[in-house]
Amino acid sequence: MVKFPGHDERSAAIEPLFHQYYPRLCEFAYRYLNDEALAEDVVQDVFVLLCERSGLLPETDTARKNYLYAVVRNACFNRLRHLKVVHRHQDEQLREQPFSPAEVLETIISTEMLAAMHAAVASLPEGCAAVLRKSYVEGLSNTEIAESLKISIHTVKSQKQRALSLLRERLGPGFVFLLFFIR
Amino acid sequence: MTEPTTDWGELPYRTAALLLKQHQGTITAGEQQELDHLMDAPARQRLLAEINDFPALEARLNRLGRFNSPAAWQQVNHKRIHTSNKRSLRQRFYWAAAAALTGIAATAWFLSSRQPVNNLARLVPDDRFGYQNDVLPGTSRATLTLSNGKTVQLQGDDFLLEEKDGTRLRSDSGALQYNALTASGSETLYNTLRVPLAGTYRIVLPDGTAVWLNAASELRFPVRFTGSQRIVSLRGEGYFEVAPDAQKPFSVQVAGDTINVLGTAFNISAYQHGRTATTLVSGKVTVAARKGSKALQPGQQAVSTAAALQVSPADMEKATAWKNGYFYFSNESIAEVMEQLTRWYGITVAYEGAVDTRMRIGGSISREASLGEVLEQLRLLSGLQFNISGSELTVSAARKQ
């Protein structure tokens, strides 16, 4: 019998979790590994194992998140221990600084804050986001935006105003700097 | 995977939410009290300082945006296919090993019935570079034809087989190894190792000689060197580390030439019809070509064509980069670069409009990179535009839109 990965029940249950948490788990892993590709590899491997395993996942969202962070932390630790053969002098650091319970907790909080900010920017209403992008990323004037989106200049101004106040509300002071990564 | 032992409960999520409120200035007195209780002041300050450091915050948010879950989910499924293949092959390995131990020659029919490698598995979605899809790099894979004409698919998995004369073949993580200690008789049996497009494989012959085969290449060799000479034949490209044996000279037959060897390391590239380049890394070889015979010193390259045999100093890094896992382009024409890409990614290339294929470029990139990643570098270097659709790569000079 041929089993097609990706089409079985278990992976169907895991896939939504994956899409929900993959970016932040990678960011979390990146904090330890300092390498984007390596971080993605570690997180993907964690999910490969989750798909292959038969045990049950925790039931509540909170317990699942805790579980995923903990598994990824362990995977990072193992990966670094494996890599340490190459960088033996980092041994001491590895055992001491990161991975202490307090440090891991702080890294999770920091990652969660980042994920929330990213979500705030990403969830701007579409019209607002388009206007902001044209304005701050592409550097277009209100008139040019109005032309390219085929809307009135009044709408451009009000959309921009609305986007900015939404961001101010969601992100607090300094939000203007965040306009760089609205994609 | 070690089981996690820490359960933080709601603590990290509640703390993160409250810290963001404090940052936005919307926190209530009660919530502030709760936050102070949840986390000590130095830690709170560290976390708030992090999001007030705008350049760092911007870098982190951008990075978060780059972790793309739909593409990564494909990767997860891809990895699962590979781990499950590995598992089922391991079981076969035990079966074959047991057969060999009880003196029954293991036959290859159960392996030869496997499906051919699916090229489509390397086509993955692309959302980084704007192509219709991306193409994953080649992998360790090859087809071995045994002396009885049966073929075995090798994909970096473990197995053990026995040839008719008792020579044992073992395939283990991307390498095939021959052991003739258990063999007997004087019959010379030949095996052929064929590496497809988007593949590479390594083989250790019974005398200890190691050969790395590049994509679209082939090595034919006796499973045991019975006579007074060691002779193999090559198509495509191979890197040889020949075990020294003064009593039994080693030679490689390639496209009508013969490379005669004493213990040594060298690369032979014979992809191009009518042109064979032999590059000597260490030791000594002589090239007996259609147009005469010449000895090579380490660091030299002999190029044999129908017209001439020429020896010149070689770019060693260029000649051996593939074996060490990277592409190395030095003053290479676009056409030459594309040839290497077609072999390693198993793609075809079409040119659109007036592309100057003689344009020369230099640089290096890992062979582990996806096609999209390689093209991104080439695009920046050359200004050319690329488009991937399935296994077809289109190169054009004009900017799109």
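Biologist: Where in chain B does B:Phe129 lie?

Modeller: Helices (H or I, at least four residues) and strands (E, at least two) are DSSP runs, numbered from the N terminus, and B:Phe129 lies in the loop between strand E1 (123-124) and strand E2 (134-135) of chain B. This is a predicted model, in which local features need pLDDT of at least 70 and side-chain atom pairs count only at pLDDT 80 or more, while totals for chains, interfaces and linings use all residues. Residues are numbered from 1 along each chain as its sequence is written, and chains are lettered from A and ligands numbered from 1 in the order in which they are written.

Biologist: How many other C-beta atoms lie within 10 Å of B:Phe129?

Modeller: A residue is buried if 20 or more other C-beta atoms, placed from the backbone, lie within 10 Å of its own, exposed if 12 or fewer, and partly exposed in between. B:Phe129 has 15 such atoms, and therefore counts as partly exposed.

Biologist: Which residues does B:Phe129 touch, if those up to four places away in sequence are not counted?

Modeller: Two residues are in contact if their C-beta atoms, placed from the backbone, lie within 7 Å; by this rule B:Phe129 touches B:Gly372, B:Leu375 and B:Glu376. B:Asn387, 258 residues away from B:Phe129 in sequence, is 9.6 Å from B:Phe129 in space, C-alpha to C-alpha.

Biologist: Which residues touch the most other members of the largest nonpolar core?

Modeller: A nonpolar core is a set of buried Ala, Val, Leu, Ile, Met, Phe, Trp, Tyr and Cys residues joined through C-beta atoms within 7 Å. The largest one has 66 residues, and those touching the most other members are B:Leu193, B:Tyr201, B:Leu219, B:Leu341 and B:Leu371. Helix H8 (residues 334-345) of chain B provides the largest share of this core, six residues.

Biologist: What is the pattern of chain A, read along the sequence?

Modeller: The pattern is α-α-α-α-α-α-α-α, and chain A has eight helices and zero strands. Of its 183 residues, 34% are buried.

Biologist: How many residues of chain A are in contact with chain B?

Modeller: Here 48 residues of chain A are in contact with 43 residues of chain B. On the side of chain A that touches chain B, H5(A) gives the most, with 13 residues.

Biologist: Where does H1(A) bend?

Modeller: The bend at a residue is the angle between axes fitted to the seven residues ending there and the seven starting there. H1(A) bends by about 55° at A:Tyr21, and a proline, A:Pro23, follows within four residues.
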